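These are my notebook entries on how two chains are arranged and where they meet.

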Protein chains: 2
Amino acid sequence: MNHKNNIDILISEVGPRDGLQSVSATMPTDLKLKWLSALADSGLREIEIGSFVSPKLLPQMADATTLVAHMRQRPEVFVTALVPNLKGAQAAFDAGVQKITMPISVSEPHSLSNIRKTHQQVYDEVRAVIALRNEHFPHIEVEAGLSTVFGCTIQGVVHEDDVIRMALTMAELGVDEVGLADTVGYANPTQVRSLFTRLRNEIGAKAGSAHFHNTRGQGLANVVAALEVGVTTIDASQGGIGGCPYAPGASGNIVTEDLVYLLESMGLRTGVDIDKLVAAREWLVKGLPGEPLYGFIPDAGVGKNFQYAGGAR
Amino acid sequence: MNHKNNIDILISEVGPRDGLQSVSATMPTDLKLKWLSALADSGLREIEIGSFVSPKLLPQMADATTLVAHMRQRPEVFVTALVPNLKGAQAAFDAGVQKITMPISVSEPHSLSNIRKTHQQVYDEVRAVIALRNEHFPHIEVEAGLSTVFGCTIQGVVHEDDVIRMALTMAELGVDEVGLADTVGYANPTQVRSLFTRLRNEIGAKAGSAHFHNTRGQGLANVVAALEVGVTTIDASQGGIGGCPYAPGASGNIVTEDLVYLLESMGLRTGVDIDKLVAAREWLVKGLPGEPLYGFIPDAGVGKNFQYAGGAR
C-alpha cells in the first residue's frame, strides 16, 4: 500500500521527534508506543518516530530502534527518523526506517553552533550517507531538511539564493527530496511562496515538505501559502509540543489537529479522523505530565458546517 | 488627512467593541480612554470604539459617546461604531462617528435568535438608517457587516448565494460598504477566496472588510486568502480579547499584534509600530484584570530578520 493513496496532502507527524526532543522530560517507551499506535489509528500516514543520535546528547530519543520496529507492523504508515550523521544513518537503516531526514542548516553560523560542522563537513557526511544507502539500503529514502531557511537567530537574514544553492548541492549529492524548514518561526507567506516556487523550478520533483514552527502564530498562514505553490507534504506535531520555554504560548511545530481541520475544510483529503487524533493526546498527557499542549480544535471542536473532504470518515 | 494614506492594508481595530462587549466585566471609562489613545499612538488608523446599544443590554458599551468625542481629537484616526438600529444610528451620528457598521445576519434563524428580527424587519431598519444619514449626516459612512457568512451555530451551512443576495440587497438599500464576518470561527481559506471574489464581482468597490474570529486557530490563514483576492481592510482586536469561555485558548477576533507582524513581514504597510502596539496592552491589563489576552508576538517578539514594509517606523 502506498502511504499517499487517496489523500491530497500528506501530513508528516513529527511530534514524536521534534516535539519530544525539545522537552527536557523523557516520555516512557511504553507510552510512546501507545501514542504512536493511536496516531496511526487516527489515519496519519507518515510519522517521524524519533532521532538516531547519541543517547548522551538526547536521552529522550534513546528508544528509536524499538519505536521503528513497533511502527513497521503498520504497513499503512511510512516510518521516518531524523539522522544527523553517518553513524545515525547506519543505525536507522538497520532498524528498518523507510526514510531518513538529515537536517542541514543553510546558515553556516547556525551549523557551526548546532552541530559544530562547516558546510563542507556537512556535504562529506551527506555523501557518505548516500553511498551507504546506495550500496546496502537502496529502497530507503533520504531527505535533506534544510533548516534556518526563512531566517536564523544567529545570522538574521538568510538569502534565498543561499537556500537554493544548498538545495541544488543536496540534489547533486543524491538526496531524494529537499524540504524547507522554518526552524525558528520567522517565515511569512510571501517568502514561503517565493522559496517553494524557486525550489520546484530548480529541483522539480525532488522539492519536498514544508516544516513550519508556530512561534509567532504564523504557522497556518504559511501553510496556506505553501499549498498555493504546490507543496503536498506538511510537517506538524500533535499538540504543537516542543514550544520555546522563553515564549509562553509559543507552540513548537504547527499543531496537527488544527492543520487537519484547515486542510479538510478546504476540501483537501488528509486521511485523518479528527476525533481519533484528538483522542491520541491522552497518551501525550500521560507520558509528559504537565507539558503544555497547544491547538484550538481540541477545545473548540469542529464547526457545525464541517465536512471531511471526500465524505465522512 | 485620509486615514488610508501611505498604507497598503487598513487594520480596523475592533477590540474596544467586539472584544469589550464579549467580556462580562466593564472596563472603566478613564482606562478605555487611555487604551484608545495608546492604540492611536501605535499608528492604528481605524478604531471601532464601541456599540450604540441599550446600556441595559450591554452596560460595557454605555460610554460610547464619551469615547467618540475623545477619539475625534485624533484626526489621523477614523472613528467607527457598531449600530444595530435606527435609535443607535441617531445616537452615533449625533456623537460624531465617521462610520457605522450595522450587523446583518445572513442566517435568519441567527437574526431571530440574536436581535429578534426577520430579514424583512432588518431591511426596514437599514432603510431608515440610510434615510437619516442621507438627510442629515451625508458625510458619515454606513457599512453592512454581514455576519454568519461562513457558517452559523444554529443553521450550520450558510449558502454563498444567500450571502451574495444579502450583499446585493444591502448595496441596493444604499450602504457604502458590505463587509463579511466569520462570526463563529468557521471560515476556511477556500471559502474566503470564493466569497470575497464573488462579493467584489457583484458589488465592486462596495466590497468591504474581512472580519475573522480565531476560535479554531484559522484566523491568519484566512487573512492570507483574503489578501490574495484583494481585500484591503482587515478587522482585528488587541490581545484577541473576547474569546469564548467554553473554549479555553480560543481567542475572539484575530490578534492585532500577530496580524501586524504577518502583514509587515509580507511587505504590506499597516502604519503600525509593533512595540507601541504591544505597549498598549498595559491599559487592557489594568482595565480588565484577569482577562486572558492572546497573541504570539507580545511573548516571542519579532524575528531577528524582521523589517517593516517601507522601512523602519
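Entry 1: I worked with a predicted model. I looked up how chain A can be laid on chain B, and found that a turn of 180° with a shift of 0.0 Å along the axis does this with an RMSD of 0.0 Å. The two copies are thus related as by a two-fold rotation axis. I then asked which residue of chain A comes closest to the rotation axis. I found Ala221(A), with its C-alpha at 1.9 Å.

Entry 2: the interface. I noted that 36 residues of chain A are in contact with 36 residues of chain B. On the side of chain A that touches chain B, the elements giving two or more residues are H8 (189-203), H9 (219-228), H10 and H12 (297-300). H9(A) gives the most, with 5 residues. By class, I recorded 17 nonpolar, 15 polar and 4 charged residues on this side of chain A. I also noted that 100% of the interface residues of chain A are interface residues in chain B as well, so the copies meet through the same surface.

Entry 3: a helix pair in chain A. I looked up H10(A), residues 256-265, and H11(A), residues 274-287, which pack with their axes 10 Å apart at an angle of about 175°. Angles over 145 degrees count as roughly antiparallel, and H10(A) and H11(A) are therefore roughly antiparallel to each other. Which residues meet here? From H10(A) I listed Thr256(A), Glu257(A), Val260(A) and Tyr261(A), which meet Ile274(A), Leu277(A) and Val278(A) in H11(A). The residues of this contact divide into 5 nonpolar, 1 polar and 1 charged.

Technical notes: Residues numbered from 1 in each chain as written. Chains lettered and ligands numbered in written order. Predicted model: local features only at pLDDT ≥ 70, side-chain atom pairs only at ≥ 80, totals over all residues. Axes fitted to C-alpha atoms, helices over the stretch in contact; angles between N-to-C directions. Helix = DSSP H or I, 4+ residues; strand = E, 2+ residues; numbered from the N terminus. Parallel < 35°, antiparallel > 145°, perpendicular 65-115°, else oblique. Contact = placed C-beta atoms within 7 Å. Nonpolar A, V, L, I, M, F, W, Y, C, P; charged D, E, K, R; others polar. Least-squares fit on C-alpha atoms with pLDDT ≥ 70 in both.
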